[in-house]
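Let's take a friendly walk through the packing inside this model. Have the viewer open as you read.

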Amino acid sequence: MDEGRLSEIPLFAGLNRKERRALAPRTDEVDLEEGRVIVREGEWAYEFFAIEAGTCEVRRGDQLLAELGPGDFFGEMGLVGDTRRNASVIAKSPLTVVVMTAQAFRQTSRELPEVAGKIRAAIEERCRHMEVAS
């Protein structure tokens, strides 16, 4: 993944250029087709996604919980804890996402703790913001 592209994603925008350059090889950019189930409720979480382009929906059972688009992210609990997915996420349009595995995040935490700390802080801030909004 190109470090310049990471700067366009709000979650990584707070990282400086050197930090994004160190993080870039630990992420992948993936294109997904419309209708693709990206994560499935109940499965083990082992990767995290940040949306670059496109939209997806978050569902728990038959209930629509949210619609996500560019700048949003999901699967963050897979980075910060060993847990199962609490919802499914389905692409509503062609989707481009940045993917980071839990293993890559753990490696980042060991080797670049300041970068992992900034990502964790951004995730926690988003979670707080979503709690206030709901």
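This is a predicted model: local features need pLDDT of at least 70, side-chain atom pairs count only at pLDDT 80 or more; totals for chains, interfaces and linings use all residues.

How many aromatic pairs does a search of the whole structure find? The search turns up two. In one of them, Phe 49 and Phe 74 are stacked, with 4.9 Å from centre to centre and 15 degrees between the planes. This pair links distant parts of the chain, since Phe 49 sits in strand 3 and Phe 74 in strand 6, 25 residues apart.

## A tilted pair

Phe 48 and Phe 73 also form an aromatic pair. Their ring centres are 5.6 Å apart and their planes meet at 55 degrees, so this pair is tilted. Stacked pairs need planes under 30 degrees apart and edge-to-face pairs over 60, which is why 55 degrees falls in the tilted class.

Phe 48 belongs to strand 3 and Phe 73 to strand 6 (residues 73-74), so the pair ties together parts that are 25 residues apart in sequence. Both Phe 48 and Phe 73 are buried.

## The cores

The largest nonpolar core has 20 residues, and Phe 12, Leu 23 and Phe 48 have the most contacts inside it. Helix 2 (10-13), strand 3 (47-53), strand 8 (95-101), helix 5 (102-111) and helix 6 (113-133) each supply at least two residues of this core. Helix 6 gives the most, with four residues. Apart from this core lies another, of 15 residues, including Leu 32, Ile 38, Ile 51 and Phe 74.

Which residues does Phe 48 touch, leaving aside its neighbours within four places in sequence? Its contacts include Leu 11, Phe 12, Phe 73, Phe 74, Leu 79, Val 98, Met 100 and Ile 123.

## The second largest pocket

Strand 2 provides the largest share of the lining, three residues. By class, the lining of this pocket has nine nonpolar and five charged residues, with no polar ones.

Methods
Residues are numbered from 1 along each chain as its sequence is written. Side-chain values use heavy atoms; hydrogens and water are left out. A nonpolar core is a set of buried Ala, Val, Leu, Ile, Met, Phe, Trp, Tyr and Cys residues joined through side-chain atoms within 4.5 Å. Buried means under 20% relative accessible area, exposed over 50%, partly exposed in between (1.4 Å probe, protein chains only). Contact means heavy atoms within 4.5 Å. Rings of Phe, Tyr and Trp (its six-membered ring) pair if their centres lie within 6.5 Å; planes under 30 degrees apart count as stacked, over 60 as edge-to-face and the rest as tilted. Ala, Val, Leu, Ile, Met, Phe, Trp, Tyr, Cys and Pro count as nonpolar, Asp, Glu, Lys and Arg as charged, and the others, Gly among them, as polar.
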